[in-house]
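Grab a pencil and work through these exercises with the structure open beside you. Each task comes with its solution.

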Amino acid sequence: GRGAQRMRGALVVAQLAMTVTLLVGAGLLTKSFYGLLAEGPGFSPNGVWTARFSLAGPRYTDRGSWPRFQEQAVAALRALPGVSVAGLTSVLPFSGSNSQGNINIEGYEVPAGAPPPHTQHRSIDDGYFETLGLPIVAGRNFAAHEAEPVAIIDETLVAKYWPNESPLGARVQRNFDPADRWYTIVGVVPTVKEASLAQTSVKETVYWHYEQRPENGGALTLRTVVPPSQLAGAVSAAIAAIDPEVALSDARTLDDRVEGSLGPQRAPMVLTLVFAAVAFVLAVIGIYGVLAWGVSQRVNEIGVRMALGARAADIGRMILRQGGTLIAIGLVLGVAGALGLGQVLSSQLERAGSFDATVLALTVVGLGGAALVASWLPARRASCVDPMDALRSE
């Protein structure tokens, strides 16, 4: 009956609408995901191998022993075949760790009621920036050994406290410094992301020389000209030769760390892609099934029409028109749903756009074309009905 036909048609329209919505949502998430990958973290993670270490036990009760071990470790790693440069940092990017605190800026008066300058802190050696491929945009890098207290800051800190002047030569002090030292700024480096590629804002960072701000742990960074995984054994042996009680942990390439930070963006993208693919197949099968069923129920009617003078092309157009109507309604409703989903995604996920004309156009054309092909098959079958056989059956 007509009621059953309308119900089947409504289900197909609903399938098409949901498919458009899911395909557009998956497209927006995928484009956002790969946009983050292309944007990068602000440094070059390719070919960089990293591992953490910790200095504990009676040999390292003296703070002066920490930089001595670290200097020996970095020197040994730089001598390994396949290592182009090695560096050291107290906190590794994309490791889930952080170190931050207040600083004083010489000559800067904190406004009443405002918090003091607050930054991330990193203790590094002179090879760290080169390992990450970070250029010095102003001033100089650290020397292997520094006679006077010095610091390097990033461009975010410069923009906030020295917007119209050079920070070189200015002095900063880390709060609760037991030596109460002032550090002269000697260099500026680009801002880098530390936690996730999806970060929209990055906190200011101050880099200290590892001998002047020693830490009893941290991470080693190696830029290699061979696959980083081939160096794991050699690195462990080099560290064991210095102190067999110091073990490396969390050994991974920096690429793996950066990509791992996109887990919250990757999961919904993959899930939406899977649902969209399933919905696409079901929608195409659904419109084919509805039209094919309708043709099978109207064989006698089609035979009568053809016996009264209807041509095969007329019958094919009739079935295609029926399918095209369902497709058009489903696509229109789907576009409306996709626009609504885009607004939700843009409000819940960082860097996810609410609208993309290319994604929307490809979805409508791709799904509409596949649905029209699915409609053409029953239409072709209907146009091939033999009127004599249909009338004989009637």
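**Exercise 1.** Find the place of aspartate 250, then say whether it is buried or exposed, or something in between.

*Solution.* Start with the place: aspartate 250 sits in strand E11 (residues 249-253); strands here are DSSP runs of E, at least two residues, and helices are runs of H or I, at least four, numbered from the N terminus. Next, the accessibility: at 32% relative accessibility, aspartate 250 is partly exposed (buried is under 20% relative accessible area, exposed over 50%, partly exposed in between, with a 1.4 Å probe and protein chains only). Finally, look at the backbone: aspartate 250 has a positive phi of about 50°, though it isn't a glycine. Most residues other than glycine have a negative phi.

A word on the model: it is predicted, so local features need pLDDT of at least 70, side-chain atom pairs count only at pLDDT 80 or more, and totals for chains, interfaces and linings use all residues. Residues are numbered from 1 along each chain as its sequence is written, and side-chain values use heavy atoms, leaving out hydrogens and water.

**Exercise 2.** Which residues of H2 are buried?

*Solution.* Among them are Trp66, Phe69 and Leu77. What covers the buried residues of H2 includes E2 and helix H5 (232-242).

Conventions
Contact = heavy atoms within 4.5 Å.
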